[in-house]
Amino acid sequence: MNINRIFYIAKLTIPIATAYVPLGLALGVFMVSSGVQWFWAPVAALVIFAGSIEFLVVSFILAGLPLATVAWTTLIVNFRHIFYGLSFPLKSLRTPLQKLYGIFALTDETYSITCTSEGKKLTGAEISLLQVISHLWWVGATLIGALIGTLIPPEITGFEFALTAMFVTLAIDAVRHTVDNKLITY
């Protein structure tokens with residue numbers, strides 16, 4: 001793979017970074033503000049890599065929930081990935097390691113890029129690179145968020161609401177956009 005292709009793949013991850021960086025920062029701060037040691041934030045981001053479930057895992061750890069409950073909740077939250085897998089270009093990934101990582105690192109964002117016209121032109125190695133760079137955005141942002149979290153005084157609270165607030169904001173914006181374009185029908 002030449003350097004121009006590598007830069008092209010990195011460029012494809014910029015929209016992913018716009019989602020992963022703020023959420024990763026919030027996750028890192030949230031974990032530290034919840035009493036989890038800072039170094040567990042990037043470890044969780046590296047090993048779990050499932051976005052919203054990572055926010056839930058913090059609550060699961062603090063509540064001492066059984067592993068079966070954690071597994072069931074994770075399955076329900078990430079059930080959509082079963083359908084992603086049906087059209088994900090797994091055949092393009094050649095080695096067993098690429099296939100294993102491709103399944104592990106299949107996120108909403110990387111799936112959407114690989115299914116676009118641009119993504120359909122990617123080789124297996126390029127898909128793997130796309131997923132690795134995206135994963136690095138998530139782990140790096142979570143690490144930085146955890147380090148920032150160590151600087152925030154413990155009396156400042158509310159970080160557990162970051163994900164909920166983001167979805168509420170996105171929903172309000174979607175409704176406003178729909179109303180502005182008069183797409184709502186009754």
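This is a predicted model: local features need pLDDT of at least 70, side-chain atom pairs count only at pLDDT 80 or more; totals for chains, interfaces and linings use all residues.
Reader: What makes T142 buried rather than exposed?

Author: The relative accessible area of T142 is 0%. Buried means under 20%, so T142 is classed as buried. This residue lies in helix α9.

Reader: Which residues does T142 touch, leaving aside those up to four places away in sequence?

Author: T142 touches G24, L25, L27, G28, A41, P42 and A45. A contact here requires heavy atoms within 4.5 Å.

Reader: Why is R94 called exposed?

Author: R94 has a relative accessibility of 73%. The term exposed applies over 50%; therefore R94 counts as exposed. R94 is found in the loop between α6 (80-87) and α7 (96-104). The C-alpha atoms of R94 and G124 are separated by 6.6 Å, although these residues are 30 residues apart along the chain.

Reader: Why is α4 described as roughly antiparallel to α5?

Author: The axes of α4 and helix α5 (residues 67-77) cross at roughly 160° and come within 11 Å. Angles over 145 degrees count as roughly antiparallel, and α4 is therefore roughly antiparallel to α5. The crossing of these two helices, α4 and α5, is right-handed.

Reader: What makes a group of residues a nonpolar core, and which members of the largest one touch the most other members?

Author: The residues of a nonpolar core must be buried and joined through side-chain atoms within 4.5 Å. The largest nonpolar core has 31 residues, of which I9, L12, M31, F88, L122, L130 and W138 touch the most other members. Elements giving two or more residues to this core include α1 (3-12), α2 (14-33) and α9 (124-151). The largest share, 8 residues, comes from α2.

Reader: Which residues is W138 in contact with, leaving aside neighbours within four places in sequence?

Author: W138 is in contact with Y20, L23, G24, L27, A45, F49, G51 and E54.

Reader: How many residues form the second, separate core, and which residues does it include?

Author: The second core has 5 residues, among them A50, I53, V57 and V70. Two of these, I53 of α4 and V70 of α5, also take part in the contact between those helices.

Key: Residues are numbered from 1 along each chain as its sequence is written. Side-chain values use heavy atoms; hydrogens and water are left out. Buried means under 20% relative accessible area, exposed over 50%, partly exposed in between (1.4 Å probe, protein chains only). Helices (H or I, at least four residues) and strands (E, at least two) are DSSP runs, numbered from the N terminus. Axes are lines fitted to C-alpha atoms, for helices over the stretch in contact, and angles run from 0 to 180 degrees between N-to-C directions. Angles under 35 degrees count as roughly parallel, over 145 as roughly antiparallel, 65 to 115 as roughly perpendicular and the rest as oblique. A crossing is left-handed if the near helix is turned anticlockwise from the far one by less than a right angle, and right-handed if clockwise.
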